[in-house]
Amino acid sequence: MAPPRAVIEAVQDRLGALAGEPAVLGGGITNHNFRVLLADGTEAVLRVAGRDTELLGIDRAAEHVATVAAAKLGIAPAVLAFLPEQSCLVTRFVHAAPIANQALREAPALPEVARALRAFHEHAPALPTRFDVPAIARAYLALAGERGDGGAGDVPQAAWDAAALAERIAGAVRGESEHALVPCHDDLLGANVLVEDGGRVWLVDWEYAGMGDRYFDLGNLSINNGFTEDDDRALLSAYWAEDCTPRRFAALRLMRVMSDVREALWGVAQTALSDLDFDFPGYAERHFARLRASTADPRFESWLRDAATP
């Protein structure tokens, strides 16, 4: 597989000739990624958007703004070019690999990632899109109903329940100052946290970036990377540079649930939308199962109360 010819021509017009053929990079379900070498010796990554990704709530202009901002903060590779007509973002290639879960949960990586997220939340410019999980849930349900072979009848009851759960959690934290809208990454899978041999951490793949709740980033990072409750407390302490409080801990645990709502309904939407050879129904069910386990925790109701406490 190679990038479309139009992409190669646009990249060369902007950045100069390529030296050799693009190489496919692994990872990514909604994009195609290629490593290239420019004639001046610069190594770069071409990130070409997949089909219909805007239906998943991805705003490529917001991705560009977020990636540039993160690069200026030193937490993401530099942006070399943005080619909206070709749906292509070109960034500098960094010699780094996805960090292992265990390493991410420990120093020095955990405090470094916490500081990187807080820097982005507090210093990045406002992004031109919202990341609101209840609204995303409603949009994914509508997409699944419209595109699925059986219409709304194809949408499992668990999906409707998940959307209602997102509304409930959002209602519990609405109005609290620490949940005010800030620029967020919103997709902190382990594959999107890279580490160099020297230990430097990079955050990549900003396609879902938008104005949202900072605790979603923290909860999303936590649940996607196997954090324990002690890890969550350490993450919060590193993020706020002070001891973890019951209110903050509750908010993070609720946003772990919110993250699974998004992931499960993303799987439902992709089942109806995508033609990729990927088990989207199985992906959705894994997250529905984790949702059921999370809400069965006897502390769930107390987390709702604690998170809403000023």
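**Entry 1: alanine 81**

I began with alanine 81, which counts as buried because its relative accessibility is 4%. The cut-off for buried is under 20%. I note here that the model is predicted. I found alanine 81 in strand β4, residues 79-83.

**Entry 2: cysteines**

How many disulfides does the structure hold? I found zero. I wanted the reason, and I took cysteine 184. Its closest cysteine sulfur is in cysteine 244, 18 Å away, so the gap is too far for a bond. A disulfide needs the sulfur atoms within 2.5 Å. From the side of cysteine 244, the nearest cysteine sulfur is that of cysteine 184, and cysteine 244 is in no disulfide.

Cysteine 184 is buried, since its relative accessible area is 0%. Cysteine 244 has 24% relative accessibility, so I put it down as partly exposed.

**Entry 3: aromatic rings**

I looked up the ring pairs and found nine aromatic pairs in the structure. I picked tyrosine 239 and tryptophan 240. Their ring centres are 5.0 Å apart and their planes stand at 80 degrees, so I wrote the pair down as edge-to-face. The label applies to planes over 60 degrees apart. Are these two residues buried or exposed? Tyrosine 239 and tryptophan 240 are both buried.

I also noted a cluster. Ring pairs link Trp266, Phe278, Phe280 and Tyr283.

**Entry 4: charges over rings**

Tyrosine 239 came up again. Which residue has its charged end over the ring of tyrosine 239? It is arginine 118, and I noted 5.8 Å from its charged end to the ring centre. I found another case at tyrosine 208. Arginine 262 lies over the face of that ring, 5.0 Å from the centre.

**Entry 5: a nonpolar patch**

I turned to the surface. Ile29, Leu276 and Phe278 form a nonpolar patch there. Together they have about 220 Å² of accessible area. Phe278 was already in my notes as part of the ring cluster.

I followed up isoleucine 29. Where does it lie? I placed it in the loop between β1 (23-25) and β2 (31-37). Isoleucine 29 counts as partly exposed because its relative accessibility is 31%. A patch takes residues with over 30%.

**Entry 6: backbone checks**

I checked the backbone next. A cis peptide bond joins alanine 107 and proline 108. I noted an omega of about 5 degrees. Proline 108 sits in the loop between α3 (101-104) and α4 (109-123).

Then I looked at phi angles. Aspartate 186 is not a glycine, yet its phi is positive, about 80 degrees. I found aspartate 186 in the loop between β7 (181-184) and β8 (193-195). Its relative accessibility is 0%, so aspartate 186 counts as buried.

Alanine 241 is not a glycine, and it too has a positive phi, about 55 degrees. Its place is the loop between α8 (229-240) and α9 (246-273). Is alanine 241 buried or exposed? I wrote exposed, because its relative accessible area is 67%. The cut-off for exposed is over 50%.

Terms used: Residues numbered from 1 in each chain as written. Predicted model: local features only at pLDDT ≥ 70, side-chain atom pairs only at ≥ 80, totals over all residues. Heavy atoms only, no water. Patch = residues over 30% accessible without salt bridge, like charges linked within 9 Å, V, L, I, M, F, W, Y side chains within 5 Å. Areas by Shrake-Rupley, 256 points an atom, 1.4 Å probe, with all protein chains shown as cover. Salt bridge = Lys/Arg side-chain N within 4 Å of Asp/Glu carboxyl O. Helix = DSSP H or I, 4+ residues; strand = E, 2+ residues; numbered from the N terminus. Buried < 20%, exposed > 50% of the residue type's maximum accessible area, 1.4 Å probe, protein only. Phe/Tyr/Trp six-rings, centres within 6.5 Å; stacked < 30°, edge-to-face > 60°. Lys NZ or Arg CZ within 6 Å of the ring centre and 35° of its normal.
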